[in-house]
Amino acid sequence: MKLAGKVAVVTGGAKELGAAVTRGFLAEGARVVCAGRDEVAAKELVDSSGGDVVFHPVDVRHQESVRELFDFAAGHFGAVDVVVANAGVSRPGPIAALALEAWTEVFDTNVTGLLHCLQAAVPVLERGGGGRIITMSSALGARAVPGASAYCASKAAVEMLTKVAAIELAPKGISVNCLSPGFIDVGMGRQLAANEAVWSQYRTKLAAGRMGTAEQVAAAAVYLASADADYVNGHVLAVDGGLRW
């Protein structure tokens, strides 16, 4: 029970990687505010949690929505100890033809949304004497992929924002680390594997010979949220089985 007594907020916490992180935290004794735009997707998690998970709507693109989320979390459970800023989107397309609306949506969600979470979380975590923030990047944050300019650039920005936040927030007792999943068998990873023409170009890049699981990413999040990572700060933890790029 590495997270016994802890309260976590997980954005994008009802689906795919976010749901796996929510379940992983629950298994280690945490109570979780599962936040997102789809309450229906969170219903199974909430119904099976015995009150240890509550859903709260949030759109991380809007600062006030994020502030309301953290006010609710602190009021409902009495404190917040861990934040997982997992909400993110991808809008593929070649640079020459990428719609500005697609670029803006990716950056508003993945980067500005993270900034909103950081700014809303800091005073809440500080009142409790500190805490943990975990951001979510991707293997594509450090690797160029044709057709993924917005996503790659946004995740590179997430990694640098994480490192700056780690330095600035350390005196407040808040650590900020980043998870960088590789090819995982949910969400975009599953969609990629379903397209054999595209997947054949990437399959050979997996040094482990297989995709990872959402549960393996969740285990890494548990580590960063736990006392085991007390002296880890500003780190980008790759969960990718090794990649040959």
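Q: Which hand does the crossing have where H4 passes H5?
A: A crossing is right-handed if the near helix is turned clockwise from the far one by less than a right angle, and left-handed if anticlockwise. H4 passes H5 in a right-handed crossing. This is a predicted model, in which local features need pLDDT of at least 70 and side-chain atom pairs pLDDT 80 or more, while totals for chains, interfaces and linings use all residues. Residues are numbered from 1 along each chain, and side-chain values use heavy atoms, without hydrogens and water.

Q: At what angle do helix H4 and helix H5 pack?
A: Angles run from 0 to 180 degrees between N-to-C directions of axes fitted to C-alpha atoms over the stretch in contact. Helices are DSSP runs (H or I, at least four residues), as are strands (E, at least two). Helix H4 (residues 100–127) and helix H5 (residues 149–169) pack at about 15 degrees, and their axes are 9 Å apart. H4 and H5 are therefore roughly parallel to each other (angles under 35 degrees).

Q: Which residues make the contact between H4 and H5?
A: Contact means heavy atoms within 4.5 Å. On the H4 side the residues include Trp103, Phe107, Asn110, Leu114 and Leu118. The H5 side includes Tyr151, Lys155, Val158, Leu161 and Leu169. By class, this contact has 16 nonpolar residues, three polar and one charged. Ala, Val, Leu, Ile, Met, Phe, Trp, Tyr, Cys and Pro count as nonpolar, Asp, Glu, Lys and Arg as charged, the others as polar.

Q: How much space lies in the largest pocket, and which residues are closest to its centre?
A: On a 1 Å grid, a pocket is an open set of points with protein on both sides within 12 Å along at least five of seven lines; lining residues have an atom within 4 Å of a point. Volume is the space filled by probe spheres set on the points. The largest pocket holds about 1400 Å³. Its lining has 50 residues, with Gly88, Val89, Ser90, Tyr151 and Met188 closest to the centre. Helix H6 (187–194) gives the most to this lining, with five residues. The lining divides into 24 nonpolar, 17 polar and nine charged residues.

Q: How many cavities of 30 Å³ or more does the structure have?
A: A cavity is a set of points where a 1.4 Å probe fits but cannot get out. The search finds one of 30 Å³ or more, and the largest cavity contains about 70 Å³ of space. Of its 13 lining residues, Ala85, Asn86, Ala87, Asn110 and Leu114 lie nearest the centre. H4 supplies the largest share of the lining, four residues.

Methods: Parallel < 35°, antiparallel > 145°, perpendicular 65-115°, else oblique.
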